[in-house]
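Let's take a friendly walk through this protein. Have the sequence and the model open side by side as you read.

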Amino acid sequence: MSLPKRVALSLPAPTGKVADTIALAQRAEAIGYEDLWLADAGGLDALTLAAMLLDKTQNVRVGIAVVPVYTRTPAVLASTFAVLGQTWPGRFIPGLGTSSHTIIENWHGLKLDKPLTRIEETVSLLRSILKGEKTAFEGQTLRSRGYRQGEVENMPIYLAALRGKMLEKAAEIGDGVILNLFPSSALPKIMKHVAIGAERAGKNPENVECVCRHMVVVTDDKDLGRNAFRSSFAGYYSTPVYNRYLAWAGWEDAAREIREGWASGDRKRTAAALSDELVDEIAIIGTARECQDQLRGYASAGIHTNIISCIYPDPDIFKATMDCFAPENFRF
C-alpha cells in the first residue's frame, strides 16, 4: 500500500518569535494541517522548539528538515531523540543533512568534509546508540567509544539529499528522503535515484517517504513572489553545494552566471540569473488555484509530504498561503 499524501506547514512564524510560532502551530493543527516542519539553520533552535510544539499540540507530526550532521554529535542527537521519542512516541521525525558551506564553514567554523561518508557514519552510529548498544566506532569522520543510553524504539531517521549519490544513499539507509529547491523538470531524475537507492536496500520505492519544502507565495502578483524568491535564494545558489545542484539539475548556464556574479560582487547579475522561467520551476507562485494545481503535480510525481513555506512575510499573504492548503480548501 502506498504512503498517503500529506500537507505540512513550515515554521517558525514569520516574526521569528517563539510565542508566535506556538500560536501558529496550534492554528495550523486546528484547521487540519497534519505536519509541522522546522529548519535548523540558526535563530530559534529547532530541537528545542520541536519539543515545545509537540507539547502544545495534540496530534500533528513535528519534523526537522534538517539538523546538520556536523554541528551535533551522534551521542548528542541520540540523547535528544530519547527525550522526544519517549515523551511523544510516533510524532517526531528527525531529518539529518550535511547542510551547506555557508552554515558549516562560515557560521560554525567547521569543515564540510566527506559529506556522503559523514552521513553514512552518522546514521550507523546513531542507530547503534538508539538500540541501546555501547559504542565502539572508529570511522573516517566519526569515532565514539563507551557511550551507552537506553533504547529508543521506532525512531525514524530521514535524510536530506540533492544529487545522485546522496539521493541513492538517503533512500537506501534512511527511512525517508528530504528534497529541497529543485527545478521541477529535474524531479523525474531525482525520483529515479531515490528508486535506485531504495531497491538496493530491498525496499519498495513507493514506501520511502519523500518530503519536500516548497517555497510558496499565493498572490495575483507573480513578480512580487518571484522577486521574493530571488531575494531569499540567489545567495543560496551561489554556495558550492547548491550551485553544483542547479547545474546537475540541468541549469548549467544559470549556475555559472550565479557563481560568477556572486564572486564578482555583482548582486544584480546574480539575481537576474534566476530568470522567471527558472523561478517558476523551483517555487510555487500564483493564484490559489495555480498553486494548488502545481502542488498536486508534485504529489502525483512522487512527493508524499509537501511542506508549505511562505517566503513573503506580509501577514495577509502568509495567511492566504496557509489557508490555501488547509484541508477545507485543498485535496490532492
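Is C324 buried or exposed? C324 is buried, with a relative accessible area of 5%; here buried means under 20% relative accessible area, exposed over 50%, and partly exposed in between, using a 1.4 Å probe on protein chains only.

## About the model

This is a predicted model, in which local features need pLDDT of at least 70, side-chain atom pairs count only at pLDDT 80 or more, and totals for chains, interfaces and linings use all residues. Residues are numbered from 1 along each chain as its sequence is written, and side-chain values use heavy atoms, with hydrogens and water left out.

## Cysteines

The structure holds zero disulfides, a disulfide being a pair of cysteine sulfur atoms within 2.5 Å. For C324, the closest cysteine sulfur belongs to C291 and is 5.9 Å away, too far for a bond. C291 is buried too, because its relative accessibility is 0%.

## Strand β11

Helices (H or I, at least four residues) and strands (E, at least two) are DSSP runs, numbered from the N terminus. In strand β11 (residues 305-310), six of six residues are buried. T305, I307 and S309 point one way, while N306, I308 and C310 point the other way.

Strands pair if DSSP finds at least two bridges between them. β11 pairs in the parallel sense with β1 (residues 6-10) over four bridges, and with β9 (residues 209-218) in the parallel sense over six bridges. Within β11, I308 is the bridge partner of L9, and I307 is the bridge partner of R213.

## Aromatic rings

The whole structure contains eleven aromatic pairs. Rings of Phe, Tyr and Trp (its six-membered ring) pair if their centres lie within 6.5 Å; planes under 30 degrees apart count as stacked, over 60 as edge-to-face and the rest as tilted. F182 and Y298 have ring centres 5.9 Å apart and planes at 85 degrees, so this pair is edge-to-face. Because F182 lies in the loop between β8 (176-180) and α7 (187-200) and Y298 in helix α13 (residues 288-300), the pair ties together parts 116 residues apart in sequence. Both F182 and Y298 are buried.

Y236 and Y242 also form an edge-to-face pair, at 4.9 Å centre to centre and 65 degrees between the planes. Y236 is partly exposed at 32% relative accessibility, whereas Y242 is buried at 8%. Ring pairs link F229, F233, Y236, Y237, Y242, Y245 and W248 into a cluster.

## Charges over rings

The charged end of K189 sits over the ring of W248, 4.1 Å from its centre. This term requires NZ of Lys or CZ of Arg within 6 Å of the ring centre and within 35 degrees of the ring normal. For R267, the charged end sits over the ring of W262, 3.7 Å from its centre.
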